[in-house]
Amino acid sequence: MTLLFYSKVDDPDDWRAALQAIDPGLEVRIWPAVGDPAEIETALVWRPETGMLAGLPNLTLIQSLGAGIDHLLRATGLPAGVPMARLVEPALTSQMVEYVVLAALHHHRRIEAYRDFQARAEWHLLPPADTEATRIGVMGVGVIGAKVAHALRGFGFQVAGWSRTPSALDGIESFHGADGLAPFLARSDIVACLLPLTPETEGILDKDAFAALPSDAYVINAARGGHLNEEDLVAALDSGHLSGAWLDVCREEPLPATSALWHHPKVILTPHIAGVVLPRTSSAQVIENIALVRASRPPLNLVDPARGY
Ligand SMILES: NC(=O)c1ccc[n+]([C@@H]2O[C@H](COP(=O)([O-])OP(=O)(O)OC[C@H]3O[C@@H](n4cnc5c(N)ncnc54)[C@H](OP(=O)(O)O)[C@@H]3O)[C@@H](O)[C@H]2O)c1
């Protein structure tokens with residue numbers, strides 16, 4: 001059994017060690033050392049390059065090295081008909097919950113303003129944050145978004161979710177579909193994007209969405225850079241309509257040195273680290289999927305390419 005590994009951001013040796021700790025018989029080849037292409041049955045990849053998987057005649061599973069599969073669906077030259085699976089992993093989900101809660105609370109408790117006061121050695125009190133009066137909107141209430149919504153609700157925020165189909169999450173107001181977007185945004189003082197990147201969601205955080213948000217709203221994007229129109233964001237921040245933004249992802253990664261986002265006083269940026277897949281916690285799922293496919297069964301977290309997530 002041979003697996004081909006490719007990622008520019010994950011350590012191949014860590015992955016090889018973690019996979020082989022579970023299945024010592026698994027041969028792990030690191031791109032570009034493919035060897036005989038006919039021997040590769042599984043591709044474990046993050047952002048494969050064009051044509052990378054095209055010449056693997058016996059490929060039976062394409063396993064994403066992340067929760068999203070937009071990087072696979074956009075890769076040209078993918079072999080047709082090979083099942084694609086994404087990672088759905090409690091440790092990854094917990095990291096995402098931590099990240100979005102951190103961003104929301106950081107804004108809600110006005111830590112940026114207090115840092116400025118500290119820099120000026122000023123002991124200055126702002127009006128207290130009113131949690132129960134603060135409305136948070138979570139875009140995408142799937143595996144990650146639902147946990148984020150519940151965590152925020154646990155603090156006492158008014159939380160709503162927006163999804164493609166209606167959701168029924170305890171204590172979380174549900175909005176769905178194109179018609180539900182504007183009313184959902186209109187009631188969101190803080191909006192957090194946890195959508196998959198698909199043709200329907202690309203560029204969804206644009207000037208129209210920002211105009212639909214209440215004045216002083218705060219935007220958190222921990223999903224994909226493609227969701228956000230960065231120029232529209234900067235314009236909405238500069239006009240004073242939005243109070244700030246916290247971004248983990250950018251349209252182009254790494255973010256170009258010329259981007260206005262780097263030094264914008266209302267933007268907090270991190271380099272796509274909200275949720276990082278760990279070999280220690282995710283390898284078992286990869287090994288299980290290899291076994292399922294070998295037994296002619298669908299892998300866990302099989303992706304529907306037509307739906308795009
Ligand atoms: N920054 C990071 O480090 C990081 C780490 C992990 C994941 N992510 C991102 O987080 C995303 C979400 O992950 P997940 O596991 O929670 O995904 P998921 O379980 O597939 O959930 C996706 C959610 O988005 C909704 N949705 C999809 N298309 C929509 C549309 N056109 N309009 C409205 N709602 C739509 C779905 O609606 P339905 O419920 O109706 O299907 C569902 O609620 C991933 O795709 C990835 O891009 C980022």
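The following is a working chat about a predicted model of one protein chain.

Biologist: Before the details, what are the ground rules for this model?

Modeller: The model is predicted, so local features need pLDDT of at least 70 and side-chain atom pairs count only at pLDDT 80 or more, while totals for chains, interfaces and linings use all residues. Residues are numbered from 1 along each chain as its sequence is written, and side-chain values use heavy atoms, with hydrogens and water left out.

Biologist: How many helices and strands does the chain have?

Modeller: The chain has nine helices and twelve strands. Helices (H or I, at least four residues) and strands (E, at least two) are DSSP runs, numbered from the N terminus.

Biologist: What share of the contacts links residues 24 or more positions apart?

Modeller: Such pairs account for 60% of the contacts with a separation of 6 or more, where contact means heavy atoms within 4.5 Å.

Biologist: Switching to charge: how many positive and negative side chains are there?

Modeller: There are 23 positive and 36 negative side chains, and the centres of the two sets lie 3 Å apart. Lys and Arg count as positive and Asp and Glu as negative, with His and the chain ends not counted. The place of a charge is NZ of Lys, CZ of Arg, CG of Asp or CD of Glu.

Biologist: Where is arginine 224?

Modeller: Arginine 224 is in the loop between strand S10 (217-221) and helix H8 (230-238). Its relative accessibility is 13%, so arginine 224 counts as buried.

Biologist: Which side chain forms a polar contact with that of arginine 224?

Modeller: The side chain of aspartate 70 does, at 3.0 Å. A polar contact is a pair of N or O atoms within 3.5 Å; within protein, one must be able to donate a hydrogen and the other to accept it, and residues adjacent in sequence count only if both atoms are side-chain atoms. Leaving aside neighbours within four places in sequence, the contacts of arginine 224 include Trp46, Leu197 and His272.

Biologist: Which peptide bonds are cis?

Modeller: A cis bond joins tryptophan 31 and proline 32, with omega about 15°. Proline 32 is in the loop between strand S2 (27-30) and strand S3 (40-45). The bond from glutamate 253 to proline 254 is cis as well, with omega near 0°. Proline 254 is in the loop between strand S11 (242-247) and strand S12 (267-269).

Biologist: Now helix H5. Which of its residues are buried?

Modeller: In H5 (residues 143-155), the buried residues are Ile144, Gly145, Ala146, Val148, Ala149 and Leu152. They pack against helix H3 (90-108), strand S6 (135-139) and strand S7 (158-163). Just after H5, glycine 156 takes a positive phi of about 110°.

Biologist: What about asparagine 289: buried or exposed?

Modeller: At 0% relative accessibility, asparagine 289 counts as buried. Asparagine 289 lies in helix H9 (residues 279-294). Neighbours within four places in sequence aside, its contacts are Leu61, Gln63, Ala85, Pro299 and Leu300.

Biologist: And proline 127, buried or exposed?

Modeller: Proline 127 counts as exposed, at 52% relative accessibility. Its place is in the loop between helix H4 (111-119) and S6.

Technical notes: Buried < 20%, exposed > 50% of the residue type's maximum accessible area, 1.4 Å probe, protein only.
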